[in-house]
Amino acid sequence: MERTAAGGLPGSAPGPGEAGLPEAAELLDGMPRQREPLGATAPGAATAPPSAPGAVTTQPSAPPLPRPGTRRRLLPTPAGTPFTFVYAAVLAVTSLVAAYADPALVHALHQGSSTDVAHLVGTPVTVLLASALWVAGGFVAPYTLAFLLVLTALERRIGGMRTAVVFLTGHVLATLATEVPVGLAVLAGHLPGSSLHRLDYGISFGVATGVGALSGLLRPWLRWPVLVLFGGTLLQGLVELTDPLTNWGHLIALAIGIAMWPLVRGWSAGEPAGIAGRGAGGAGG
């Protein structure tokens, strides 16, 4: 037999005394209950129905979880920036070798990796790559910190392969721009033949190019102070004539990075947001 939602027969009228009487559940709710410890739940008790819209909730809310990616990671990680992370690990190993190996062995390794004119003429590809495996001044040199911060930020915006292209472009072009004039000056008789074996190695040209390229992806309020401070430091070294050839190479490398602005901006705009990192730093015009 069909039952109604109230539990009576269809079309049946309420019995005597039923009209106006409260339901059994309402009577039970009005009876005092024994106090229970906070958080205790009676066995078999049903879960309370969801609150109606606009109802005030007295339960304490859980603290909000930190959103992933809200904090910018400044240092390289194996998953986020594999190129910079692996490269930094290699530089750490070579720096340990330079610090603790026999000085004669270290000098031989540096000499064999030098991008001097003699090596560039004989084995250009080998020395251009090998020279970028050493840090002049050791792993605690200022350029090492710049390497970690700049290449990490650049890789998060344009990816690992493109960051390698930026770094190697500056490293190679700035090296050739400083060493080729030396070779020509020796041929013209303006420099002695010993200049062909000038010791030259390190990552500073690639780092300077990275600074120039990364500044094109920063907002103007940050871009120009970075360029002024970094460029001013390079100019100060050039004025003091500490190492004019290397100082000129740093300025050339910085200019190469600035010239790559259209390229790196296109790379950054073409990458997905999670890879290019535009939400982290933002590219500014």
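## Close-ups of a helical chain

**View 1. F139 sits in a loop.** F139 is placed in the loop between α5 (124-130) and α6 (142-158). Helices here are DSSP runs (H or I, at least four residues), strands are E runs of at least two, and both are numbered from the N terminus. This is a predicted model, where local features need pLDDT of at least 70 and side-chain atom pairs count only at pLDDT 80 or more, while totals for chains, interfaces and linings use all residues. Residues are numbered from 1 along each chain as its sequence is written, and side-chain values use heavy atoms, with hydrogens and water left out. With a relative accessible area of 32%, F139 is partly exposed (buried means under 20%, exposed over 50%, and partly exposed in between, with a 1.4 Å probe and protein chains only). Setting aside residues up to four places away in sequence, F139 touches A88, L91, A92, S95 and T144, where a contact means heavy atoms within 4.5 Å. Look for V93 too: F139 and V93 are 46 residues apart in sequence, but their C-alpha atoms are 9.2 Å apart in space.

**View 2. The whole chain has helices and no strands.** Count the elements and you get twelve helices and zero strands. Of the 285 residues in the protein chain, 34% are buried. Take the contacts with a separation of 6 or more: residues 24 or more positions apart account for 76% of them. The protein chain exposes about 17,800 Å², and carbon and sulfur atoms supply 68% of that area (Shrake-Rupley method, 1.4 Å probe; for residues, only the protein chains shown count as cover).

**View 3. V106 is tucked away in α3.** Helix α3 (residues 103-113) holds V106. V106 counts as buried because its relative accessible area is 9%. Its contacts, leaving aside neighbours within four places in sequence, are V97, A98 and A101. T94 is twelve residues from V106 in sequence, and the two C-alpha atoms are 9.7 Å apart.

**View 4. Helix α7 packs against helix α10.** Helix α7 (residues 160-187) and helix α10 (residues 244-259) pack at an angle of about 140 degrees, with axes 9 Å apart. That makes the pair oblique: under 35 degrees counts as roughly parallel, over 145 as roughly antiparallel, 65 to 115 as roughly perpendicular, and the rest as oblique. Axes are lines fitted to C-alpha atoms, for helices over the stretch in contact, and angles run from 0 to 180 degrees between N-to-C directions. On the α7 side, look for T169, G170, L173, A174, A177, T178, E179 and V182, which meet L245, G249, I252, A253 and I256 in α10. By class, this α7 and α10 contact has eight nonpolar, four polar and one charged residues. Ala, Val, Leu, Ile, Met, Phe, Trp, Tyr, Cys and Pro count as nonpolar, Asp, Glu, Lys and Arg as charged, and the others, Gly among them, as polar.

**View 5. Helix α7 also packs against α8.** Here the angle between α7 and α8 is about 120 degrees, and the axes are 7 Å apart. So α7 is oblique to α8, and the two cross in a right-handed way. From α7 come V166, F167, G170, H171, A174, T175 and T178, meeting F205, G206, V207, T209, G210 and A213 of α8. The contact of α7 with α8 has six nonpolar, seven polar and no charged residues.

**View 6. Helices α8 and α9 pack together.** Helix α8 (residues 204-215) and helix α9 (residues 220-239) have axes 9 Å apart, at an angle of about 155 degrees. That makes α8 and α9 roughly antiparallel to each other, with a left-handed crossing. A208, V211 and S215 of α8 make the contact with R223, V226, L227 and F230 of α9. This α8 and α9 contact includes five nonpolar, one polar and one charged residues.

View 7. S204 is found in α8, and G231 in α9. The relative accessible area is 16% for S204 and 11% for G231. Not counting residues up to four places away in sequence, S204 touches Y143 and H250, while G231 touches V226, L251 and L254. G231 and G212 are 19 residues apart in sequence and 9.5 Å apart in space, C-alpha to C-alpha.

Conventions. Left-handed = near helix turned anticlockwise from the far one by under 90°.
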